[in-house]
Amino acid sequence: YNVWVRASFIDMVFNLGPGALDGTTIQRLANAGDLAGACEQMPRWVNGTVNGQKVRLPGLVDRRATTRELCAEWGRAGHWSADLLKEAA
């Protein structure tokens, strides 16, 4: 996986905790090599607990949209960031 894909997963694990993704669809898809499917799972992780209730948090909606974009698009052919990988090599 390219640096942006790795960064998107690192961001999720750092913010959710290492055990939060164990046994989930996102982990299963990523481990099976279905990167596109795993990236599309990221926007589902937008709930937090407020006063003991699970609620959709607008900040997480934005953050997960960004991590999904990094995962699914950055470093791919046709995306401007692909040139950055060539320059770094």
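This is a short tour of the structure, stop by stop.

Before you start, note that the model is predicted: local features need pLDDT of at least 70, side-chain atom pairs count only at pLDDT 80 or more, and totals for chains, interfaces and linings use all residues. Residues are numbered from 1 along each chain as its sequence is written, and side-chain values use heavy atoms, with hydrogens and water left out.

**The whole chain.** Begin with a cartoon view. Helices here are DSSP runs of H or I with at least four residues, strands are runs of E with at least two, and both are numbered from the N terminus. The C-alpha atoms fill a box of roughly 50 × 25 × 20 Å along the principal axes.

**The core.** Now select Val 5, Phe 9, Met 12, Leu 21, Ile 26, Leu 29, Ala 30, Leu 35, Ala 38, Cys 39, Met 42 and Cys 71, the twelve residues of the largest nonpolar core. Such a core is a set of buried Ala, Val, Leu, Ile, Met, Phe, Trp, Tyr and Cys residues joined through side-chain atoms within 4.5 Å. Buried means under 20% relative accessible area, exposed over 50%, and partly exposed in between, using a 1.4 Å probe and protein chains only. Helix 1 (3-16), helix 2 (25-31) and helix 3 each give two or more residues to this core.

Stay with Leu 35: leaving aside neighbours within four places in sequence, Leu 35 is in contact (heavy atoms within 4.5 Å) with Tyr 1, Val 5, Phe 9, Cys 71 and Arg 76.

**Gln 41.** Move along helix 3 (residues 35-41) to Gln 41. Gln 41 is buried, at 15% relative accessible area. Beyond neighbours within four places in sequence, Gln 41 is in contact with Thr 25, Ile 26 and Leu 29. Show side chains, and you will see a polar contact of 2.5 Å between Gln 41 and Arg 44. A polar contact is a pair of N or O atoms within 3.5 Å; within protein, one must be able to donate a hydrogen and the other to accept it, and residues adjacent in sequence count only if both atoms are side-chain atoms.

Next, select strand 1 (residues 47-50) and strand 2 (residues 53-56), which pair in the antiparallel sense over four bridges; pairing requires at least two DSSP bridges. Gly 48 stands opposite Val 55 in strand 2. Two residues lie between the strands, and Asn 51 takes a positive phi near 55° in this hairpin.
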